Amino acid sequence: MKRALLKQLSAIPLGKVVTLDQMACAMNIPARHIAYMIAQLSPEERGLVPWHRLVPTGCTFPVEKKQSPRQIEQIRMLAQEGINDPAAHVIPPPFDYSTVFWADEGL
């Protein structure tokens, strides 16, 4: 399942983001499982895929004082790609996941 997630993350184009609930729908697994797998990515795995383009449902992050180091890193990486307002860059529904995501591969 982790391999499928890494492949899905790799499919998110530069300048776009996907919400956690969109990814959960595409992979047909609960969003909490995806969040757990993202949290468990090694530094090497994070360097291989654009994990930062997977944003929280609602495209909101905690206020600055309550952000984790990884959230701070994610916001910085998104800003480097010109994404200061993730909500404006979400691949909008209705979205044909079958053209971008391969939910059944590697599961």
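Predicted model: local features only at pLDDT ≥ 70, side-chain atom pairs only at ≥ 80, totals over all residues.

Trainee: Let's start with the overall layout. What pattern does the chain follow along the sequence?

Mentor: Reading along, you get α-β-α-α-α-β-α-α, which is six helices and two strands. Of the 107 residues, 38% are buried. The chain exposes about 6300 Å², and carbon and sulfur atoms supply 58% of that.

Trainee: What share of the contacts between residues at least 6 apart in sequence join residues at least 24 apart?

Mentor: That share is 71%. A pair gets counted as a contact when heavy atoms lie within 4.5 Å.

Trainee: Now helix α2. Why is α2 called mostly covered?

Mentor: Count residues. A residue is called buried because its relative accessible area is under 20%. In α2, residues 20-27, six of the eight residues are buried.

Trainee: What makes a group of residues a nonpolar core?

Mentor: The members have to be buried residues of the listed nonpolar kinds, joined through side-chain atoms within 4.5 Å. The largest such core here has 19 residues, and Leu5, Leu9, Met23, Met27, Ile34, Ile38 and Leu54 touch the most other members. Helices α1 (2-10), α2 and α3 each supply at least two residues, with α2 giving the most, four. As a rule, nonpolar side chains in soluble globular proteins tend to be buried together.

Trainee: Which residues are among those in the other core?

Mentor: Val17, Cys59, Leu78 and Ile83 are among its six residues, and that core lies apart from the largest one.

Trainee: Last one, the largest pocket. How do you know that a residue such as Trp51 lines it?

Mentor: A lining residue needs an atom within 4 Å of a pocket point. Trp51 is on the lining list, so it meets that cut-off. Other lining residues include Leu20, Ile38, Phe61, Arg70 and Gln74. The elements giving two or more residues to the lining are α3 (31-39), β2 (54-55) and α5 (69-80). The pocket's volume is about 270 Å³.

Trainee: How many lining residues fall in each class?

Mentor: Nine are nonpolar, two are polar and one is charged. Arg counts as charged, so Arg70 is the charged one on the lining list.

Terms used:
Residues numbered from 1 in each chain as written. Heavy atoms only, no water. 1 Å grid on protein atoms, 1.4 Å probe; cavity = no way out; pocket = protein on both sides within 12 Å on 5 of 7 lines; lining within 4 Å. Points joined across faces, edges and corners; volume = space filled by probe spheres on them. Buried < 20%, exposed > 50% of the residue type's maximum accessible area, 1.4 Å probe, protein only. Areas by Shrake-Rupley, 256 points an atom, 1.4 Å probe, with all protein chains shown as cover.
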